[in-house]
Amino acid sequence: IDMAAFQGTTALKSIVIPKDLTSIGNGAFRSSGVTNFQIASGNNSYSSSGGVLFNKSKTTLIRFPATPTTEYAVPNGVTSIAPFAFESNPFIGGAPNLSKITLPSSMLSIGDNALYGASTLTSITIPDSVTAIGSYAFAYTGLESITIPSGVDSIFDNAFAYSSIGKFYFLRSMAYEPATDSDSDPSNGPWAFSALGAQTPKVYI
């Protein structure tokens, strides 16, 4: 299944991942109406729990379904949130309605665009185990504050762009150096905190 293959298919409510499917592209189900991901018996690449789509070993959360659920605790053992996993587009519909997300102590990274457009999200708990926050990970979210735990050492471009975040709490100091054209790693560059929606954001260290 290619990237964005089912993007915006709000009429699609359920899907069965067939036995022989081995690849699902990033954002394949972004802004879709799928409320329950089902996996055919014998599929060795993907799994589902509570209608949520994971890889087989449940270490990566691939897509949260478009359900009326308002709170979700990501299961322990999950180490990464895939790009567009909780993405929401209010203009298209078919998006998660979460206001609170809790990440487990096993979590290591939050992917690019992972929570892009999650305007109903007002609370997220990020554990110290997280080391990287991807580009646009929290863009356009409804969060008004966020705590960056001590383990985070990489924040990529526009991670919080156009969000409602007005307060950033850092549990340790972090150095941000201007990037150059020759930089191969865009993390912690000059755009990590660009395009913030709040007019006067405050930083607490």
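**Ground rules**

I am working with a predicted model, in which local features need pLDDT of at least 70 and side-chain atom pairs count only at pLDDT 80 or more, while totals for chains, interfaces and linings use all residues. Residues are numbered from 1 along each chain as its sequence is written, and side-chain values use heavy atoms, with hydrogens and water left out.

**Entry: the seven-stranded sheet**

I began with the strands, which are DSSP runs of E with at least two residues, numbered from the N terminus (helices are runs of H or I with at least four). Two strands pair if DSSP finds at least two bridges between them. I found an open sheet of seven strands in the order β3-β4-β5-β7-β9-β11-β13, with mixed pairing. At its edges stand β3 (46-49) and β13, each with a single partner strand, so one side of each is left without a neighbour in the sheet.

I then followed some of the pairings. β3 pairs with β4 (residues 52-55) in the antiparallel sense over four bridges, and tyrosine 46 has asparagine 55 in β4 as its bridge partner. These two strands form a hairpin with two residues between them, and glycine 50 in the turn has a positive phi of about 65°.

β4 also pairs with β5 in the antiparallel sense, over two bridges, and here leucine 53 is partnered by arginine 63 in β5. That hairpin has four residues between its strands, with lysine 58 in the turn at a positive phi of about 60°. By contrast, β5 (residues 60-63) and β7 (residues 80-81) run parallel and are joined by two bridges; threonine 60 has serine 80 in β7 as its bridge partner.

**Entry: the three-stranded sheet**

I looked up the other open sheet, in which three strands follow the order β12-β14-β15 with parallel pairing. Its edge strands are β12 and β15 (202-204), each pairing on one side only. Between β14 and β15 I noted three bridges in the parallel sense, with lysine 167 opposite lysine 202 in β15.

**Entry: nonpolar cores**

A nonpolar core here is a set of buried Ala, Val, Leu, Ile, Met, Phe, Trp, Tyr and Cys residues joined through side-chain atoms within 4.5 Å. Buried means under 20% relative accessible area, exposed over 50%, and partly exposed in between, with a 1.4 Å probe and protein chains only.

Which residues touch the most other members of the largest nonpolar core? Of its 36 residues, they are Leu61, Val74, Phe86, Ile110, Leu115 and Phe138. The elements that give two or more residues to this core are β4, β12 and β14. Apart from it lies another core of 11 residues, among them Leu21, Ala28, Leu53 and Ile62.

Isoleucine 133 is found in strand β11, and at 0% relative accessibility it counts as buried. Leaving out residues up to four places away in sequence, isoleucine 133 touches residues including Ile110, Phe138, Ile148 and Ile155 (contact means heavy atoms within 4.5 Å). Its C-alpha lies 8.7 Å from that of aspartate 153, 20 residues apart in sequence.

Asparagine 158 has its place in the loop between β13 and β14 and counts as buried at 15% relative accessibility. Beyond its neighbours within four places in sequence, asparagine 158 is in contact with Ser135, Tyr136, Ala139, Trp191, Ala192 and Ser194.

**Entry: aromatic pairs**

I noted 10 aromatic pairs in the structure. Rings of Phe, Tyr and Trp (its six-membered ring) pair if their centres lie within 6.5 Å, and planes under 30 degrees apart count as stacked, over 60 as edge-to-face and the rest as tilted.

Why is the pair of tyrosine 140 and tyrosine 162 stacked? Their ring centres are 5.1 Å apart and their planes stand at 25°, so the pair is stacked. The pair links distant parts of the chain, 22 residues apart: tyrosine 140 is in the loop between β11 (132-133) and β12 (145-148), and tyrosine 162 in the loop between β13 (154-155) and β14 (167-170). Tyrosine 140 is partly exposed at 37% relative accessibility, and tyrosine 162 is partly exposed at 47%. Finally, I noted that ring pairs link Tyr116, Tyr136, Tyr140 and Tyr162 into a cluster.
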